[in-house]
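This briefing covers an annotated position and the aromatic contacts of one structure. Please consult the sequence and the model shown here.

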Amino acid sequence: MRNYTQFYIDGRWVDPVTPNTADVINPATEEVSGTISLGSPADVDAAVAAARRAFATYGESSVKERLDLLEAIQAEYLRRETELGEAIMEEMGAPRGLACGFHTLLGKGHLGTAIEVLRDFKFEEQRGVTVIRKEPIGVCGLITPWNWPMNQTCVKIFPALAAGCTMILKPPQLAPYSAQILAEILHDAGVPAGVFNMVQGQGSVIGAALSKHEDVDMISFTGSEQVGVQIQKDAADTVKRVGLELGGKSAWIVLDDASLAANVASATAGMMGNSGQTCSAGSRLLVPAARLDEVRKAAAEAAGGVTVGNPQGEVAMGPVVSKSQYNIIQQYIEQGLAEGAELITGGLGRPDGLDKGWYVKPTVFVGTNDMVISREEIFGPVLVIIPYTDVDDAVRIANDSNFGLGGYVSGEDLEACRAISRRLRTGAIWVNGGFDFHAPFGGYKRSGNGREWGEHGFHEYLEVKSIIGLPAPA
Ligand code: NAD
(Lines give C-alpha, C1' and ligand atoms only; values in the text may rest on other atoms or scores of the structure.)
Protein backbone atom coordinates (compact mmCIF):
# COMPACT_ATOMS: atom_id res chain seq x y z
CA MET A 1 0.00 0.00 0.00
CA ARG A 2 1.23 3.43 -0.90
CA ASN A 3 0.42 6.38 1.33
CA TYR A 4 1.19 9.66 -0.35
CA THR A 5 -0.71 12.16 1.73
CA GLN A 6 1.66 15.15 1.64
CA PHE A 7 2.18 17.79 -1.02
CA TYR A 8 5.50 19.18 -2.20
CA ILE A 9 5.54 22.95 -1.63
CA ASP A 10 8.49 25.32 -1.28
CA GLY A 11 11.06 22.52 -1.20
CA ARG A 12 9.35 20.53 1.58
CA TRP A 13 6.75 17.81 2.03
CA VAL A 14 3.80 19.41 3.80
CA ASP A 15 0.41 18.31 5.06
CA PRO A 16 -2.66 19.65 3.25
CA VAL A 17 -4.25 22.73 4.83
CA THR A 18 -7.46 20.71 5.26
CA PRO A 19 -7.07 16.92 5.63
CA ASN A 20 -9.03 15.05 2.95
CA THR A 21 -7.94 11.68 1.62
CA ALA A 22 -9.05 9.43 -1.23
CA ASP A 23 -8.31 5.82 -2.12
CA VAL A 24 -6.47 4.93 -5.31
CA ILE A 25 -7.75 1.80 -7.06
CA ASN A 26 -5.54 -0.67 -8.93
CA PRO A 27 -7.42 -1.21 -12.23
CA ALA A 28 -5.98 -4.72 -12.62
CA THR A 29 -7.52 -5.96 -9.37
CA GLU A 30 -10.20 -3.37 -8.49
CA GLU A 31 -8.58 -3.23 -5.05
CA VAL A 32 -7.34 -0.22 -3.10
CA SER A 33 -3.61 0.20 -3.73
CA GLY A 34 -3.03 3.31 -1.63
CA THR A 35 -4.16 6.72 -0.45
CA ILE A 36 -3.55 10.28 -1.57
CA SER A 37 -4.62 13.64 -0.22
CA LEU A 38 -7.02 15.82 -2.14
CA GLY A 39 -5.96 19.43 -1.86
CA SER A 40 -7.96 22.63 -1.55
CA PRO A 41 -7.52 26.14 -3.01
CA ALA A 42 -5.55 27.06 0.13
CA ASP A 43 -2.87 24.51 -0.83
CA VAL A 44 -2.78 26.00 -4.33
CA ASP A 45 -2.31 29.49 -2.84
CA ALA A 46 0.68 28.27 -0.80
CA ALA A 47 2.23 26.56 -3.83
CA VAL A 48 1.70 29.58 -6.10
CA ALA A 49 3.20 31.93 -3.49
CA ALA A 50 6.27 29.68 -3.22
CA ALA A 51 6.62 29.52 -7.01
CA ARG A 52 6.31 33.32 -7.27
CA ARG A 53 9.04 33.87 -4.63
CA ALA A 54 11.33 31.35 -6.34
CA PHE A 55 10.81 32.93 -9.77
CA ALA A 56 12.58 36.09 -8.60
CA THR A 57 15.87 34.18 -8.50
CA TYR A 58 15.31 31.10 -10.69
CA GLY A 59 14.01 33.29 -13.52
CA GLU A 60 17.42 34.99 -13.52
CA SER A 61 19.48 31.77 -13.37
CA SER A 62 22.09 31.14 -16.07
CA VAL A 63 21.84 28.49 -18.77
CA LYS A 64 24.82 26.74 -17.16
CA GLU A 65 23.02 26.58 -13.81
CA ARG A 66 19.91 25.16 -15.44
CA LEU A 67 21.92 22.63 -17.44
CA ASP A 68 23.67 21.45 -14.26
CA LEU A 69 20.29 21.09 -12.58
CA LEU A 70 18.76 19.10 -15.46
CA GLU A 71 21.80 16.80 -15.52
CA ALA A 72 21.48 16.19 -11.78
CA ILE A 73 17.79 15.34 -12.32
CA GLN A 74 18.77 12.98 -15.14
CA ALA A 75 21.08 11.02 -12.81
CA GLU A 76 18.33 10.75 -10.19
CA TYR A 77 15.70 9.79 -12.80
CA LEU A 78 17.91 6.97 -14.11
CA ARG A 79 18.47 5.71 -10.56
CA ARG A 80 14.73 5.44 -9.91
CA GLU A 81 13.45 4.54 -13.36
CA THR A 82 12.26 1.04 -12.43
CA GLU A 83 10.42 2.41 -9.40
CA LEU A 84 8.67 4.90 -11.68
CA GLY A 85 7.69 2.10 -14.06
CA GLU A 86 6.28 -0.02 -11.25
CA ALA A 87 4.24 2.92 -10.00
CA ILE A 88 2.81 3.44 -13.51
CA MET A 89 1.93 -0.27 -13.75
CA GLU A 90 0.07 -0.06 -10.45
CA GLU A 91 -1.71 3.24 -11.00
CA MET A 92 -2.96 2.91 -14.57
CA GLY A 93 -2.49 -0.76 -15.43
CA ALA A 94 0.16 -0.67 -18.17
CA PRO A 95 1.93 -4.04 -18.48
CA ARG A 96 5.32 -4.19 -16.73
CA GLY A 97 7.26 -4.32 -20.02
CA LEU A 98 5.51 -1.19 -21.28
CA ALA A 99 5.45 0.67 -17.95
CA CYS A 100 9.14 0.03 -17.23
CA GLY A 101 9.94 0.41 -20.94
CA PHE A 102 8.34 2.97 -23.23
CA HIS A 103 6.47 4.83 -20.46
CA THR A 104 9.58 5.73 -18.47
CA LEU A 105 11.67 6.02 -21.63
CA LEU A 106 9.42 8.85 -22.81
CA GLY A 107 10.05 10.82 -19.61
CA LYS A 108 13.78 10.20 -19.89
CA GLY A 109 13.67 11.18 -23.56
CA HIS A 110 12.03 14.54 -22.85
CA LEU A 111 14.61 15.23 -20.15
CA GLY A 112 17.54 14.39 -22.45
CA THR A 113 15.97 16.44 -25.24
CA ALA A 114 15.50 19.47 -22.95
CA ILE A 115 19.21 19.28 -22.09
CA GLU A 116 20.21 19.05 -25.77
CA VAL A 117 17.96 21.94 -26.78
CA LEU A 118 19.03 24.13 -23.86
CA ARG A 119 22.72 23.77 -24.77
CA ASP A 120 22.18 25.68 -28.04
CA PHE A 121 18.95 27.60 -27.45
CA LYS A 122 19.12 31.25 -28.50
CA PHE A 123 17.49 33.26 -25.71
CA GLU A 124 18.65 36.49 -27.35
CA GLU A 125 19.23 37.50 -30.96
CA GLN A 126 19.99 40.69 -32.85
CA ARG A 127 17.87 41.72 -35.85
CA GLY A 128 18.95 45.11 -37.22
CA VAL A 129 18.58 47.66 -34.40
CA THR A 130 16.45 45.31 -32.32
CA VAL A 131 17.40 42.81 -29.67
CA ILE A 132 14.83 40.02 -29.43
CA ARG A 133 14.87 38.29 -26.07
CA LYS A 134 13.03 35.15 -24.99
CA GLU A 135 12.30 35.36 -21.28
CA PRO A 136 10.64 32.83 -18.95
CA ILE A 137 6.90 33.46 -18.74
CA GLY A 138 6.87 33.06 -14.96
CA VAL A 139 4.75 30.83 -12.73
CA CYS A 140 3.18 27.91 -14.63
CA GLY A 141 0.33 25.60 -13.71
CA LEU A 142 0.86 22.15 -15.25
CA ILE A 143 -2.25 19.94 -15.41
CA THR A 144 -1.75 16.40 -16.68
CA PRO A 145 -3.75 13.24 -17.55
CA TRP A 146 -3.25 9.64 -16.46
CA ASN A 147 -2.71 7.85 -19.78
CA TRP A 148 1.04 8.37 -20.28
CA PRO A 149 1.89 9.83 -16.87
CA MET A 150 5.67 10.32 -17.25
CA ASN A 151 5.40 11.47 -20.84
CA GLN A 152 2.83 14.14 -20.01
CA THR A 153 4.55 15.47 -16.89
CA CYS A 154 8.10 15.39 -18.23
CA VAL A 155 7.22 17.03 -21.54
CA LYS A 156 6.04 20.01 -19.48
CA ILE A 157 8.35 20.13 -16.44
CA PHE A 158 11.70 19.91 -18.22
CA PRO A 159 11.17 22.56 -20.92
CA ALA A 160 9.65 24.80 -18.21
CA LEU A 161 12.70 24.32 -15.98
CA ALA A 162 15.02 24.83 -18.96
CA ALA A 163 13.23 28.08 -19.83
CA GLY A 164 13.65 29.42 -16.28
CA CYS A 165 10.05 29.07 -15.12
CA THR A 166 8.71 27.96 -11.76
CA MET A 167 5.70 25.69 -11.55
CA ILE A 168 2.92 23.86 -9.78
CA LEU A 169 2.12 20.36 -11.03
CA LYS A 170 -1.44 19.01 -10.65
CA PRO A 171 -1.16 15.29 -11.43
CA PRO A 172 -4.16 13.16 -12.43
CA GLN A 173 -6.17 11.79 -9.52
CA LEU A 174 -6.30 8.35 -11.18
CA ALA A 175 -2.52 8.09 -11.57
CA PRO A 176 -0.87 10.02 -8.74
CA TYR A 177 2.01 7.70 -7.74
CA SER A 178 4.56 8.27 -10.47
CA ALA A 179 4.21 12.05 -10.05
CA GLN A 180 4.94 11.65 -6.33
CA ILE A 181 8.16 9.76 -7.11
CA LEU A 182 9.08 12.35 -9.73
CA ALA A 183 8.70 15.08 -7.08
CA GLU A 184 11.09 13.11 -4.84
CA ILE A 185 13.53 12.85 -7.76
CA LEU A 186 13.42 16.62 -8.31
CA HIS A 187 13.92 17.26 -4.59
CA ASP A 188 16.86 14.86 -4.32
CA ALA A 189 18.45 16.36 -7.43
CA GLY A 190 18.54 19.76 -5.71
CA VAL A 191 15.80 21.74 -7.48
CA PRO A 192 15.74 25.02 -5.50
CA ALA A 193 12.85 25.50 -3.06
CA GLY A 194 9.68 26.79 -4.73
CA VAL A 195 10.82 26.15 -8.30
CA PHE A 196 8.80 22.94 -8.53
CA ASN A 197 5.68 22.39 -6.41
CA MET A 198 3.06 19.66 -6.53
CA VAL A 199 -0.50 19.59 -5.21
CA GLN A 200 -2.61 16.48 -5.76
CA GLY A 201 -6.39 16.48 -5.94
CA GLN A 202 -9.52 16.87 -7.99
CA GLY A 203 -9.34 18.66 -11.29
CA SER A 204 -12.45 20.69 -10.59
CA VAL A 205 -10.83 22.00 -7.38
CA ILE A 206 -7.04 22.15 -7.86
CA GLY A 207 -7.05 22.53 -11.64
CA ALA A 208 -9.71 25.21 -11.51
CA ALA A 209 -7.91 27.09 -8.71
CA LEU A 210 -4.73 27.16 -10.81
CA SER A 211 -6.56 28.21 -13.96
CA LYS A 212 -8.30 31.12 -12.19
CA HIS A 213 -5.32 32.16 -10.06
CA GLU A 214 -4.27 35.82 -10.33
CA ASP A 215 -0.62 34.96 -9.83
CA VAL A 216 -0.28 32.09 -12.33
CA ASP A 217 1.11 33.29 -15.67
CA MET A 218 0.28 30.29 -17.83
CA ILE A 219 -1.47 26.96 -17.79
CA SER A 220 -0.20 24.01 -19.76
CA PHE A 221 -2.95 21.42 -19.94
CA THR A 222 -3.11 17.95 -21.43
CA GLY A 223 -6.42 16.15 -21.27
CA SER A 224 -9.91 16.06 -22.68
CA GLU A 225 -11.49 18.64 -24.98
CA GLN A 226 -14.28 19.29 -22.47
CA VAL A 227 -11.88 20.17 -19.65
CA GLY A 228 -9.67 22.17 -22.02
CA VAL A 229 -12.65 24.38 -22.88
CA GLN A 230 -13.43 24.90 -19.18
CA ILE A 231 -9.82 25.83 -18.43
CA GLN A 232 -9.83 28.47 -21.16
CA LYS A 233 -12.98 29.97 -19.65
CA ASP A 234 -11.52 29.89 -16.14
CA ALA A 235 -8.28 31.48 -17.35
CA ALA A 236 -9.95 34.20 -19.43
CA ASP A 237 -10.42 36.75 -16.64
CA THR A 238 -6.70 36.84 -15.91
CA VAL A 239 -5.66 36.75 -19.60
CA LYS A 240 -3.08 34.08 -18.89
CA ARG A 241 -1.60 31.97 -21.65
CA VAL A 242 -3.27 28.56 -22.00
CA GLY A 243 -1.54 25.74 -23.86
CA LEU A 244 -3.96 22.94 -24.70
CA GLU A 245 -3.06 19.38 -25.74
CA LEU A 246 -6.38 17.62 -26.22
CA GLY A 247 -7.91 14.51 -27.71
CA GLY A 248 -7.87 12.95 -31.15
CA LYS A 249 -9.46 10.56 -33.62
CA SER A 250 -6.46 10.08 -35.82
CA ALA A 251 -6.54 8.39 -39.21
CA TRP A 252 -4.04 5.73 -40.27
CA ILE A 253 -3.93 5.52 -44.06
CA VAL A 254 -2.63 2.22 -45.45
CA LEU A 255 -1.64 2.47 -49.11
CA ASP A 256 -2.56 -0.16 -51.68
CA ASP A 257 0.73 -2.01 -52.13
CA ALA A 258 2.48 -5.29 -51.36
CA SER A 259 2.94 -4.44 -47.66
CA LEU A 260 -0.78 -3.89 -47.03
CA ALA A 261 -1.34 -6.93 -44.76
CA ALA A 262 1.77 -6.24 -42.68
CA ASN A 263 0.83 -2.56 -42.34
CA VAL A 264 -2.74 -3.38 -41.30
CA ALA A 265 -1.38 -5.84 -38.71
CA SER A 266 0.99 -3.30 -37.19
CA ALA A 267 -1.64 -0.53 -37.19
CA THR A 268 -4.09 -2.87 -35.43
CA ALA A 269 -1.58 -4.02 -32.82
CA GLY A 270 -0.50 -0.39 -32.37
CA MET A 271 -4.08 0.66 -31.63
CA MET A 272 -4.27 -1.88 -28.78
CA GLY A 273 -1.03 -0.64 -27.16
CA ASN A 274 -1.57 1.06 -23.79
CA SER A 275 -5.11 -0.40 -24.00
CA GLY A 276 -5.94 2.14 -26.70
CA GLN A 277 -5.49 4.99 -24.22
CA THR A 278 -3.29 7.18 -26.39
CA CYS A 279 -4.38 10.62 -27.57
CA SER A 280 -2.68 10.19 -30.94
CA ALA A 281 -3.76 6.55 -31.47
CA GLY A 282 -4.60 5.67 -35.07
CA SER A 283 -8.19 4.79 -34.20
CA ARG A 284 -9.54 5.12 -37.77
CA LEU A 285 -7.79 2.72 -40.12
CA LEU A 286 -8.34 3.79 -43.75
CA VAL A 287 -7.84 0.99 -46.23
CA PRO A 288 -8.40 0.40 -49.96
CA ALA A 289 -12.01 -0.77 -50.41
CA ALA A 290 -11.01 -3.28 -53.09
CA ARG A 291 -8.85 -5.18 -50.58
CA LEU A 292 -11.22 -5.24 -47.63
CA ASP A 293 -11.21 -9.04 -47.30
CA GLU A 294 -7.43 -9.12 -46.90
CA VAL A 295 -7.69 -6.27 -44.42
CA ARG A 296 -10.36 -8.03 -42.32
CA LYS A 297 -8.19 -11.15 -42.07
CA ALA A 298 -4.98 -9.28 -41.18
CA ALA A 299 -6.71 -7.07 -38.59
CA ALA A 300 -8.61 -9.95 -36.95
CA GLU A 301 -5.41 -12.01 -36.67
CA ALA A 302 -3.42 -9.08 -35.26
CA ALA A 303 -6.10 -8.19 -32.68
CA GLY A 304 -6.54 -11.87 -31.80
CA GLY A 305 -2.81 -12.11 -31.12
CA VAL A 306 -2.89 -9.34 -28.49
CA THR A 307 -2.53 -11.04 -25.11
CA VAL A 308 -4.61 -9.41 -22.37
CA GLY A 309 -4.11 -9.94 -18.65
CA ASN A 310 -2.58 -8.86 -15.38
CA PRO A 311 0.09 -6.22 -16.05
CA GLN A 312 2.51 -8.05 -13.75
CA GLY A 313 2.68 -10.82 -16.36
CA GLU A 314 4.05 -11.06 -19.90
CA VAL A 315 1.06 -9.53 -21.65
CA ALA A 316 0.64 -7.02 -24.45
CA MET A 317 -2.37 -5.29 -22.90
CA GLY A 318 -3.47 -4.67 -19.33
CA PRO A 319 -6.79 -3.25 -18.12
CA VAL A 320 -8.12 0.20 -18.92
CA VAL A 321 -7.64 2.76 -16.19
CA SER A 322 -10.93 2.66 -14.28
CA LYS A 323 -14.45 1.30 -13.99
CA SER A 324 -15.83 4.49 -15.46
CA GLN A 325 -13.51 4.27 -18.49
CA TYR A 326 -14.46 0.58 -18.90
CA ASN A 327 -18.15 1.50 -18.91
CA ILE A 328 -17.66 4.30 -21.45
CA ILE A 329 -15.84 1.90 -23.80
CA GLN A 330 -18.57 -0.72 -23.43
CA GLN A 331 -21.16 1.93 -24.34
CA TYR A 332 -19.20 2.82 -27.48
CA ILE A 333 -19.01 -0.86 -28.50
CA GLU A 334 -22.78 -1.11 -28.00
CA GLN A 335 -23.20 2.05 -30.05
CA GLY A 336 -21.07 0.60 -32.88
CA LEU A 337 -23.22 -2.52 -32.96
CA ALA A 338 -26.42 -0.44 -32.84
CA GLU A 339 -25.35 1.82 -35.71
CA GLY A 340 -24.61 -1.19 -37.90
CA ALA A 341 -20.82 -1.40 -37.86
CA GLU A 342 -19.49 -4.88 -38.70
CA LEU A 343 -17.73 -6.40 -35.69
CA ILE A 344 -14.84 -8.50 -36.91
CA THR A 345 -13.28 -9.32 -33.53
CA GLY A 346 -13.70 -8.50 -29.83
CA GLY A 347 -16.93 -6.94 -28.64
CA LEU A 348 -18.75 -6.49 -25.37
CA GLY A 349 -17.59 -7.78 -21.99
CA ARG A 350 -14.27 -8.85 -20.56
CA PRO A 351 -11.94 -11.29 -22.36
CA ASP A 352 -12.48 -14.94 -21.35
CA GLY A 353 -11.00 -15.90 -18.00
CA LEU A 354 -10.69 -12.32 -16.71
CA ASP A 355 -13.51 -11.75 -14.24
CA LYS A 356 -11.94 -9.01 -12.15
CA GLY A 357 -10.14 -5.90 -13.30
CA TRP A 358 -11.12 -3.43 -16.04
CA TYR A 359 -10.11 -5.55 -19.02
CA VAL A 360 -11.57 -4.87 -22.47
CA LYS A 361 -11.47 -7.16 -25.52
CA PRO A 362 -9.31 -5.84 -28.37
CA THR A 363 -12.14 -4.85 -30.69
CA VAL A 364 -12.19 -4.16 -34.42
CA PHE A 365 -15.13 -2.85 -36.44
CA VAL A 366 -15.56 -2.11 -40.12
CA GLY A 367 -17.66 1.03 -40.38
CA THR A 368 -18.14 4.38 -42.06
CA ASN A 369 -16.76 7.77 -41.12
CA ASP A 370 -20.14 9.20 -40.14
CA MET A 371 -20.69 6.69 -37.31
CA VAL A 372 -20.32 7.89 -33.71
CA ILE A 373 -17.52 5.32 -33.18
CA SER A 374 -15.61 7.03 -36.00
CA ARG A 375 -16.22 10.57 -34.80
CA GLU A 376 -15.74 10.48 -31.03
CA GLU A 377 -12.63 9.62 -29.07
CA ILE A 378 -13.30 6.23 -27.42
CA PHE A 379 -9.97 6.06 -25.56
CA GLY A 380 -9.97 2.27 -25.45
CA PRO A 381 -8.78 -0.67 -27.60
CA VAL A 382 -11.40 -0.18 -30.30
CA LEU A 383 -10.39 0.24 -33.94
CA VAL A 384 -12.70 1.29 -36.76
CA ILE A 385 -11.66 0.23 -40.27
CA ILE A 386 -13.01 2.58 -42.94
CA PRO A 387 -12.69 1.70 -46.65
CA TYR A 388 -11.58 4.34 -49.18
CA THR A 389 -11.92 4.30 -52.97
CA ASP A 390 -8.75 6.22 -53.91
CA VAL A 391 -6.12 8.46 -52.33
CA ASP A 392 -8.27 11.60 -52.62
CA ASP A 393 -11.06 9.78 -50.82
CA ALA A 394 -8.62 8.66 -48.10
CA VAL A 395 -7.45 12.24 -47.53
CA ARG A 396 -11.04 13.51 -47.49
CA ILE A 397 -12.05 10.93 -44.86
CA ALA A 398 -8.95 11.55 -42.75
CA ASN A 399 -9.64 15.31 -42.68
CA ASP A 400 -13.35 14.87 -42.01
CA SER A 401 -12.98 15.03 -38.22
CA ASN A 402 -13.33 17.64 -35.49
CA PHE A 403 -9.88 16.58 -34.30
CA GLY A 404 -6.46 16.96 -35.87
CA LEU A 405 -3.85 15.52 -33.54
CA GLY A 406 -2.06 12.63 -35.22
CA GLY A 407 -1.97 10.85 -38.54
CA TYR A 408 -0.21 7.86 -40.00
CA VAL A 409 0.67 6.87 -43.52
CA SER A 410 2.03 3.40 -44.30
CA GLY A 411 3.23 2.52 -47.75
CA GLU A 412 6.24 1.63 -49.83
CA ASP A 413 6.17 4.74 -52.05
CA LEU A 414 7.66 7.44 -49.82
CA GLU A 415 6.83 10.21 -52.29
CA ALA A 416 3.17 9.18 -52.16
CA CYS A 417 3.41 9.19 -48.33
CA ARG A 418 4.93 12.69 -48.44
CA ALA A 419 2.22 14.03 -50.76
CA ILE A 420 -0.57 12.62 -48.58
CA SER A 421 1.05 13.88 -45.35
CA ARG A 422 1.12 17.42 -46.74
CA ARG A 423 -2.65 17.30 -47.30
CA LEU A 424 -3.60 16.08 -43.79
CA ARG A 425 -4.90 18.72 -41.37
CA THR A 426 -3.19 17.37 -38.26
CA GLY A 427 -0.26 18.37 -36.07
CA ALA A 428 1.91 15.25 -36.46
CA ILE A 429 2.09 12.47 -39.03
CA TRP A 430 4.15 9.34 -38.67
CA VAL A 431 5.27 7.72 -41.90
CA ASN A 432 6.01 3.99 -41.60
CA GLY A 433 6.48 4.20 -37.84
CA GLY A 434 8.99 7.06 -37.60
CA PHE A 435 9.79 8.52 -34.17
CA ASP A 436 11.63 11.70 -33.09
CA PHE A 437 11.85 13.44 -29.70
CA HIS A 438 12.62 16.71 -31.48
CA ALA A 439 9.48 16.64 -33.66
CA PRO A 440 6.88 19.18 -32.41
CA PHE A 441 3.69 17.57 -31.15
CA GLY A 442 0.27 19.21 -30.86
CA GLY A 443 -3.11 19.55 -32.44
CA TYR A 444 -5.02 21.27 -35.21
CA LYS A 445 -8.72 22.00 -34.70
CA ARG A 446 -10.22 20.67 -31.45
CA SER A 447 -7.07 18.72 -30.63
CA GLY A 448 -5.57 21.83 -29.08
CA ASN A 449 -3.42 24.86 -29.68
CA GLY A 450 -0.04 24.06 -28.16
CA ARG A 451 3.16 22.50 -29.46
CA GLU A 452 5.23 20.37 -27.13
CA TRP A 453 8.37 18.20 -27.60
CA GLY A 454 11.83 19.46 -28.51
CA GLU A 455 12.58 23.11 -29.16
CA HIS A 456 8.92 23.95 -29.83
CA GLY A 457 8.14 22.88 -26.26
CA PHE A 458 10.41 25.67 -24.98
CA HIS A 459 8.38 28.40 -26.71
CA GLU A 460 5.31 27.47 -24.67
CA TYR A 461 7.13 28.76 -21.56
CA LEU A 462 8.75 31.88 -23.02
CA GLU A 463 7.69 35.48 -23.50
CA VAL A 464 9.17 37.45 -26.39
CA LYS A 465 10.60 40.90 -25.66
CA SER A 466 11.84 43.39 -28.28
CA ILE A 467 14.40 46.02 -27.29
CA ILE A 468 14.41 48.44 -30.19
CA GLY A 469 17.18 50.92 -30.90
CA LEU A 470 20.15 48.85 -29.79
CA PRO A 471 22.30 48.00 -32.81
CA ALA A 472 24.91 45.27 -32.36
CA PRO A 473 28.05 46.60 -30.68
CA ALA A 474 30.65 47.55 -33.30
P1 NAD B 1 -9.30 14.96 -18.25
O2 NAD B 1 -9.50 16.14 -19.11
O3 NAD B 1 -10.46 14.35 -17.59
O4 NAD B 1 -8.27 15.29 -17.08
C5 NAD B 1 -6.98 15.81 -17.35
C6 NAD B 1 -6.50 16.58 -16.13
O7 NAD B 1 -7.34 17.71 -15.95
C8 NAD B 1 -6.56 15.78 -14.83
O9 NAD B 1 -5.45 16.10 -14.02
C10 NAD B 1 -7.84 16.30 -14.19
O11 NAD B 1 -7.86 16.15 -12.79
C12 NAD B 1 -7.81 17.76 -14.60
N13 NAD B 1 -9.10 18.45 -14.57
C14 NAD B 1 -10.35 17.91 -14.59
N15 NAD B 1 -11.28 18.88 -14.52
C16 NAD B 1 -10.63 20.06 -14.47
C17 NAD B 1 -11.03 21.43 -14.42
N18 NAD B 1 -12.31 21.79 -14.39
N19 NAD B 1 -10.07 22.37 -14.40
C20 NAD B 1 -8.77 22.05 -14.46
N21 NAD B 1 -8.32 20.78 -14.50
C22 NAD B 1 -9.24 19.79 -14.50
O23 NAD B 1 -8.53 13.90 -19.17
P24 NAD B 1 -8.05 12.44 -18.79
O25 NAD B 1 -9.23 11.54 -18.74
O26 NAD B 1 -7.13 12.49 -17.60
O27 NAD B 1 -7.13 12.11 -20.06
C28 NAD B 1 -7.63 11.65 -21.25
C29 NAD B 1 -7.72 12.76 -22.28
O30 NAD B 1 -6.45 13.38 -22.44
C31 NAD B 1 -8.08 12.24 -23.65
O32 NAD B 1 -9.01 13.09 -24.25
C33 NAD B 1 -6.75 12.28 -24.39
O34 NAD B 1 -6.86 12.33 -25.79
C35 NAD B 1 -6.14 13.49 -23.82
N36 NAD B 1 -4.69 13.49 -24.04
C37 NAD B 1 -4.14 14.38 -24.93
C38 NAD B 1 -2.78 14.36 -25.17
C39 NAD B 1 -2.12 15.33 -26.12
O40 NAD B 1 -0.90 15.47 -26.04
N41 NAD B 1 -2.84 15.99 -26.99
C42 NAD B 1 -1.98 13.43 -24.50
C43 NAD B 1 -2.57 12.56 -23.62
C44 NAD B 1 -3.93 12.60 -23.38
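Is Glu-245 buried or exposed? In this predicted model, Glu-245 has a relative accessible area of 4% and is therefore buried, since the cut-off for that class is under 20%.

**Annotated position**
- An unreviewed UniProt entry assigns the feature "active site" to Glu-245.
- Glu-245 belongs to strand E12, which covers residues 241–245.
- Beyond its neighbours within four places in sequence, Glu-245 contacts several residues, including Lys-156, Phe-221, Phe-441, Arg-451 and Glu-452.

**Aromatic pairs**
- The structure contains 16 aromatic pairs.
- One of them joins Phe-102 and Trp-148 edge-to-face, with 5.8 Å between centres and 85° between planes.
- Phe-102 is in helix H4 (residues 96–120), whereas Trp-148 is in the loop between strand E8 and helix H5, 46 residues apart.
- Phe-102 is partly exposed at 34% relative accessibility, while Trp-148 is buried at 8%.
- Trp-146 and Phe-379 also form an edge-to-face pair, because their planes stand at 80°, with ring centres 5.5 Å apart.
- Trp-146 lies in the loop between E8 and H5 and Phe-379 in the loop between helix H12 and strand E17, so this pair ties together parts 233 residues apart in sequence.
- Trp-146 is buried at 13%, and Phe-379 is buried at 16%.

**Ring cluster**
- Ring pairs connect a cluster whose members include Phe-102, Trp-148, Trp-252, Phe-441 and Trp-453.

**Charges over rings**
- The charged end of Arg-2 is placed over the ring of Tyr-177, 5.1 Å from the ring's centre.
- Arg-350 lies over the face of Tyr-326, 5.5 Å from the ring centre.

Notes: Residues numbered from 1 in each chain as written. Predicted model: local features only at pLDDT ≥ 70, side-chain atom pairs only at ≥ 80, totals over all residues. Heavy atoms only, no water. UniProt positions renumbered as here; feature names shortened; annotations may be inferred. Helix = DSSP H or I, 4+ residues; strand = E, 2+ residues; numbered from the N terminus. Buried < 20%, exposed > 50% of the residue type's maximum accessible area, 1.4 Å probe, protein only. Contact = heavy atoms within 4.5 Å. Phe/Tyr/Trp six-rings, centres within 6.5 Å; stacked < 30°, edge-to-face > 60°. Lys NZ or Arg CZ within 6 Å of the ring centre and 35° of its normal.
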